[in-house]
Amino acid sequence: MPPPGTRITTTTPKGRALLATRHFSPGDLIATFTSPILALPDGPSMRTTCNYCLRTQSSSPRPLRACTACKAAVYCDATCQRLHWKAVHKAECGMFKRVRANVGKDWLPTPTRAGGTLEGNVESFRREEGVWADFELQAMAAVVYGGLLESDEMLARAKEILCKIQTNAFNRLDADTGMAGIFLDAELSMINHSCVPNAFIGFDKRVAMLRAERDIAVGDEIEISYVDHTLPKSARQEGLRLYHFQCACPRCVEDLDVYQVASRSPVIPLNKFSLQPNIDRLRNPPVHAANASSAVVETTYKAWRTEAASGGSEDMVTRRQWRLCKALVQAKMWAIEPVPSTILQAVNLCQADPRTWAYALPLSCFLATECEPVKYVAPFTPWRVKGVMVLAKLLAETARLAAAGVLSEDCPDKALIAILEKSDQVTMCEGMLRLVVHWARVGASEDWEILKEAEDLLEQVESLEGRREKEARLLRKWAMNPEDPEAKAFFEYAVLSPVNELAALAIGIMDDKLWSPNSSAVVKSQ
Ligand SMILES: C[S@@+](CC[C@H](N)C(=O)[O-])C[C@H]1O[C@@H](n2cnc3c(N)ncnc32)[C@H](O)[C@@H]1O
């Protein structure tokens with residue numbers, strides 16, 4: 001049964017499709033999917049992820065405990081273990097024991113349940129030689145270790161199931177919230193792909209939530225993106241290869257870049273309550289597009305990926321990758337991949353070294369103002385909210401160092417210190433947290449880890465001694481009504497202005513500060 005407010009229809013060439021039978025506004029929850037056919041950790045995460053709720057070891061309050069019988073499946077507590085036993089583990093525990101006895105290791109169960117009506121693209125997979133050979137091996141293993149009768153029919157059935165899983169299951173890897181695994185639901189699998197999606201899926205443990213990303217009118221097809229739709233065309237096509245169709249969305253057909261797609265987005269005005277409230281700038285981005293054709297984008301991205309696979313030290317690879325981005329950086333097309341990914345890598349490198357730690361802040365300001373709002377125009381998308389939360393946490397840390405009078409000891413960059421010293425970092429942090437709390441409630445569930453983290457931090461900031469009440473009152477007023485003239489002017493002065501000043505340092509930091517052998521702030525292996 002399709003969820004209320006939707007119906008399933010059949011179209012050419014997509015097959016079945018989910019249509020809206022009522023209007024959905026941006027952020028509306030279209031449906032929740034609570035009874036997946038499969039919700040399993042993926043292979044590499046099996047021993048480090050609760051096999052029931054899919055929480056990873058790093059986000060679990062307790063060490064994960066293994067099932068005492070098979071020693072393969074792990075759980076965060078007895079409740080998860082009991083529920084998983086009832087849902088699937090009683091059928092697979094014996095299989096794991098056999099695998100352990102025969103090959104001496106834990107092994108990802110090839111799932112043996114998949115709805116009979118799912119699209120499998122079996123004939124197309126059969127033509128993909130490497131993939132098909134892999135499926136044959138996996139099917140054989142599933143039959144042998146599942147203790148099933150080893151017949152041609154059984155092997156064919158196992159391969160068909162693998163095709164269905166590949167075509168329909170969602171990879172729910174989420175490093176930020178510590179969730180990993182695959183999720184397969186028969187109704188969710190009716191949703192087709194577009195690189196300009198009007199909806200997106202969020203996960204909370206074993207529940208998937210389908211939300212509108214923009215207005216969806218009665219009769220519109222509901223479409224999500226199966227891949228990172230902000231990547232260049234060739235990378236998107238590579239990601240879609242195993243789904244066996246040619247994407248005919250406007251991004252693919254007209255070969256639009258992220259700026260062109262963003263400038264047409266109907267949800268641009270929502271950014272009035274964001275770190276990029278300059279709506280005109282999103283509609284008419286100040287980029288030099290003529291200097292960065294799609295051929296330049298593709299060549300840059302391919303060279304960047306080759307460099308990523310080169311196996312050098314992370315900082316040297318990132319340095320070389322940054323050089324490869326030169327044409328895009330000069331064209332001010334900073335939201336086009338691989339520029340944002342390279343800056344994000346640099347943020348991670350900075351955070352790992354006390355000498356460069358403070359540089360993470362301007363780089364993250366740059367990502368949150370120049371890159372993310374173009375890649376993901378709706379400010380409630382989890383990717384946007386997470387970026388603002390990273391900034392809030394960095395500011396909480398620099399504010400603590402500043403209060404202890406040790407900020408300049410840790411950071412030798414005078415321009416950066418000057419901006420931080422004249423800014424009220426606590427107010428900046430509080431402004432970010434109000435954005436996170438507001439948008440996380442629109443785009444995610446109340447149980448989202450990031451929302452809880454933001455609420456906790458906001459409570460701590462609100463109870464800080466010496467916090468100025470007038471500033472706090474204006475931020476509260478701004479969160480209630482971002483158009484209120486007094487509150488808006490205050491937010492621009494106290495939050496946006498220092499954020500933009502910090503962001504303006506980012507390109508210089510990427511060019512010189514992180515890798516120059518003469519710099520006093522260098523990343524590790526220089
Ligand atoms: C998860 S299923 C979606 C539901 C599917 N249409 C069905 O009838 O079961 C994925 C498959 O749907 C088809 N599909 C999804 N998006 C498409 C698109 N934009 N254009 C053409 N086919 C698409 C492809 O066959 C793909 O492998």
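The model is predicted, with a mean pLDDT of 87 over the protein. The helices treated here are α13 (residues 360-375), α14 (residues 382-403), and α17 (residues 425-443) with α18 (residues 449-462). A ligand is also present, and 17 residues surround the ligand.

**Confidence**

- A pLDDT of 70 or more is reached by 91% of the residues of the protein.
- For the complex, the predictor gives an ipTM of 0.99 and a pTM of 0.88.
- Over residues 107-115 the pLDDT stays under 50, and the model has 27 contacts beyond four places in sequence for this stretch.
- Residues 516-526 also have a pLDDT that stays under 50; here the model has 25 contacts beyond four places in sequence.

**Ligand shell**

- Of the 17 residues that surround the ligand, the closest are G15, R16, E119, N192 and F245.
- Three elements, β2 (15-20), α4 (152-168) and β9 (192-193), each supply at least two residues of the shell.
- The shell around the ligand divides by class into nine polar, five nonpolar and three charged residues.

**Helix α13 against α14**

- The axes of α13 and α14 are 10 Å apart, and the two helices pack at an angle of about 155°.
- Angles over 145 degrees count as roughly antiparallel, and α13 and α14 are therefore roughly antiparallel to each other.
- The crossing in which α13 passes α14 is left-handed.
- From α13, the residues A360, L361, S364, C365, L367, A368 and E372 meet W383, R384, G387, V388, V390, L391, L394 and T398 in α14.
- This contact of α13 with α14 has 10 nonpolar, three polar and two charged residues.

**Helix α14 against α17**

- α14 and α17 cross at roughly 155°, and their axes come within 8 Å.
- That angle makes α14 roughly antiparallel to α17.
- α14 passes α17 in a crossing that is left-handed.
- On the α14 side the contact is made by P382, R384, V385, V388, M389, L391, A392, L395, A396, T398, A399 and A402. On the α17 side, Q425, V426, M428, C429, M432, L433, L435, V436, W439, A440 and G443 take part.
- By class, the contact of α14 with α17 holds 19 nonpolar, three polar and one charged residue.

**Helix α17 against α18**

- α17 and α18 have axes 9 Å apart and pack at an angle of about 145°.
- The crossing of α17 past α18 is left-handed.
- V426, C429, E430, L433, V436, V437, A440 and R441 are the α17 residues of this contact, and they meet I450, L451, A454, E455, L457, L458 and V461 in α18.
- The contact of α17 with α18 is made up of 12 nonpolar and three charged residues, with no polar ones.

**Backbone details**

- T12 and P13 are joined by a cis peptide bond with omega near 5°; P13 is in the loop between β1 (6-11) and β2.
- The peptide bond between E337 and P338 is also cis, with omega about 15°, and P338 is in the loop between α11 (326-330) and α12 (339-351).
- K71, a residue other than glycine, has a positive phi near 60°. K71 lies in the loop that runs between β5 (65-66) and β6 (74-75).

Note on methods: Residues numbered from 1 in each chain as written. Predicted model: local features only at pLDDT ≥ 70, side-chain atom pairs only at ≥ 80, totals over all residues. Axes fitted to C-alpha atoms, helices over the stretch in contact; angles between N-to-C directions. Helix = DSSP H or I, 4+ residues; strand = E, 2+ residues; numbered from the N terminus. Left-handed = near helix turned anticlockwise from the far one by under 90°. Contact = placed C-beta atoms within 7 Å. Nonpolar A, V, L, I, M, F, W, Y, C, P; charged D, E, K, R; others polar. Parallel < 35°, antiparallel > 145°, perpendicular 65-115°, else oblique. pLDDT = per-residue confidence, 0-100. Near = placed C-beta within 6 Å.
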